[in-house]
Amino acid sequence: MTRVLETPLAVDAETQLSEVSFRFFHFDPSFAPAGKIAITCFLPTRNFEFWTGLYQHDPSRYEAEKSRIKDAVNPRPSRPAERARCDDRRMPRRHHWELPDH
């Protein structure tokens with residue numbers, strides 16, 4: 001599922017997204033506890049150092065940025081994002097891919 005955002009999302013100072021895509025894992029009960037589903041959303045970043053620096057030097061801002069992004073990309077805008085848990089294992093600081101310049 002792809003969601004077009006009403007306003008572009010600033011993932012960091014160098015990365016703006018106008019849409020986000022989700023993968024739903026509702027077909028396999030081993031992905032999430034009963035009554036829940038796992039949803040993934042890949043968000044590229046052009047500023048990997050920003051995320052690594054926040055995690056290492058400003059953990060409270062790192063958490064605030066994760067929350068801001070979680071609220072912005074909520075795949076079900078009609079439901080509160082507070083009900084979603086943002087799993088840190090896949091935040092940008094954990095994976096580094098170089099993006100081509102446009």
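The dialogue below takes up confidence, a helix, a core, aromatic pairs and a loop residue.

Trainee: What kind of model is this, and which pLDDT values do local features and side-chain atom pairs need?

Mentor: The model is predicted: local features need pLDDT of at least 70 and side-chain atom pairs count only at pLDDT 80 or more, while totals for chains, interfaces and linings use all residues. Residues are numbered from 1 along each chain as its sequence is written, and side-chain values use heavy atoms, with hydrogens and water left out.

Trainee: What average pLDDT does the protein have?

Mentor: The term pLDDT denotes the predictor's confidence in each residue, from 0 to 100. The protein averages 78, and 73% of the residues score at least 70. Among the elements, S2 has the highest mean pLDDT (90) and S3 the lowest (82). Over residues 95-99 the pLDDT is below 50.

Trainee: How is helix H2 to be read, and which of its residues are buried?

Mentor: Helices (H or I, at least four residues) and strands (E, at least two) are DSSP runs, numbered from the N terminus. The expected span of a helix is 1.5 Å times one less than its number of residues. Helix H2, residues 59-73, has 15 residues and reaches 21 Å from its first C-alpha to its last, close to the 21 Å expected. Buried means under 20% relative accessible area, exposed over 50%, and partly exposed in between (1.4 Å probe, protein chains only). In H2, the buried residues are Tyr62, Glu65, Lys66, Ile69, Lys70 and Val73.

Trainee: Which residues does Val73 contact?

Mentor: Contact means heavy atoms within 4.5 Å. Leaving aside neighbours within four places in sequence, Val73 is in contact with Arg3, Leu9, Val20, Phe22, Cys41 and Leu43. Val73 has 8% relative accessibility and counts as buried.

Trainee: Which residues touch the most other members of the largest nonpolar core?

Mentor: A nonpolar core is a set of buried Ala, Val, Leu, Ile, Met, Phe, Trp, Tyr and Cys residues joined through side-chain atoms within 4.5 Å. Of the 13 residues in the largest one, those touching the most other members are Leu9, Val11, Val20, Leu43, Trp51, Ile69 and Val73. S1, S2, H1 and H2 are the elements that give two or more residues to this core.

Trainee: How many aromatic pairs are found?

Mentor: Rings of Phe, Tyr and Trp (its six-membered ring) pair if their centres lie within 6.5 Å; planes under 30 degrees apart count as stacked, over 60 as edge-to-face and the rest as tilted. A search of the whole structure finds seven pairs. Phe25 and Phe27 form a tilted one, 5.8 Å centre to centre with 50 degrees between the planes. Phe25 is buried, at 12%, whereas Phe27 is exposed, at 58%.

Trainee: Is Asn47 buried or exposed?

Mentor: Asn47 is buried, with a relative accessible area of 15%. Asn47 lies in the loop between S3 and H1.
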